[in-house]
Amino acid sequence: MKKVSKTKIAHVYATALYEAAVESKSVEKVKNDVSELRNLLRENNDFAAYLENPLWTQQDKSDVLQKSAKALKLGDETLSCLNVVVENGRIADLSLILSDFEKIYNAKNDIAKVDVETIKKLSASQDAKLKKVMGKILDKQVEINYIINDKILGGLRVQCGSKMYDNSLINKLNYLENIMKGK
């Protein structure tokens, strides 16, 4: 029997969820549900570890997901997908599935996810300007995930996919140090 990678399996579930959302005309609701679930998994390591732990039964995991879904007010399509994921023993792949759904959604809606490292939170006008500039560069609507990192000393470090624009002060200082060392 040929082994299929987790990323391919996650893509199948994510695609099915997206197609079900399109069919039921609830793409935005499902997208919001997926964001809520991703935040829950990111912020609550114990919850993620519980879902991935093989010692707990599928029924226990299903019960926890049902309670979480009710608390998060998840839609029927999202809940149905979660049930299928649990039934098929793929709950450990939930994070990958949710991530892949967001990638599919972003591709279909011409959205680029951008990570921006700064030393402090940008003002609303700076945020608007950055989104506008990045939108022009990428020729897409831009969603920015800000990461506060005092190690960059100043400036910005912007990453979109495999592209990185590093205009941080630490990068400039490292460059000057290498020049002075003759490298």
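Guide: Helices here are DSSP runs of H or I with at least four residues, and strands are DSSP runs of E with at least two, both numbered from the N terminus. On that basis, Asp93 has its place in the loop between helix H5 (76–87) and helix H6 (94–108). This is a predicted model, in which local features need pLDDT of at least 70 and side-chain atom pairs count only at pLDDT 80 or more, whereas totals for chains, interfaces and linings use all residues. Residues are numbered from 1 along each chain as its sequence is written, and side-chain values use heavy atoms, with hydrogens and water left out.

Visitor: Why is Asp93 called buried?

Guide: Buried means under 20% relative accessible area, exposed means over 50%, and partly exposed lies in between (1.4 Å probe, protein chains only). Asp93 has a relative accessibility of 3%, and therefore counts as buried.

Visitor: What makes Leu153 partly exposed?

Guide: Leu153 has a relative accessibility of 42%, and so counts as partly exposed. This residue sits in the loop between S2 and S3 and is likewise not a glycine, yet has a positive phi of about 70°.

Visitor: How do you know that H4 and H5 are roughly antiparallel?

Guide: The axes of helix H4 (residues 58–72) and H5 come within 10 Å and cross at roughly 165°; such axes are lines fitted to C-alpha atoms, for helices over the stretch in contact, with angles from 0 to 180 degrees between N-to-C directions. Angles over 145 degrees count as roughly antiparallel, and H4 and H5 are therefore described in that way. Their crossing is right-handed, with the contact made by residues including Leu65 and Ala69 of H4 and Leu79 and Val86 of H5.

Visitor: What makes S1 and S3 a pair of strands?

Guide: Two strands pair if DSSP finds at least two bridges between them, and three bridges join strand S1 (residues 111–118) to strand S3 (residues 155–160), which run antiparallel. In S3, Gln159 is the bridge partner of Asp115. Helix H7 (residues 124–138) packs on the sheet and touches S1, S2, S3 and S4, its direction making about 125° with that of S2. Helix H8 (residues 169–181) also packs on the sheet, touching S3 and S4, and its direction makes about 80° with that of S4.

Visitor: How do you know that S3 and S4 pair?

Guide: Six bridges join these antiparallel strands, S3 and S4, and Cys160 stands opposite Lys163 in S4. S3 and S4 form a hairpin with two residues between them, and Gly161 in the turn has a positive phi of about 65°.

Visitor: What makes S2 and S4 the edge strands?

Guide: The open sheet has four strands in the order S2-S1-S3-S4, with mixed pairing. Strand S2 (141–148) and strand S4 (163–168) each pair on one side only, as edge strands, and the twist averages 20° from one strand to the next.

Technical notes:
Contact = heavy atoms within 4.5 Å. Parallel < 35°, antiparallel > 145°, perpendicular 65-115°, else oblique. Left-handed = near helix turned anticlockwise from the far one by under 90°.
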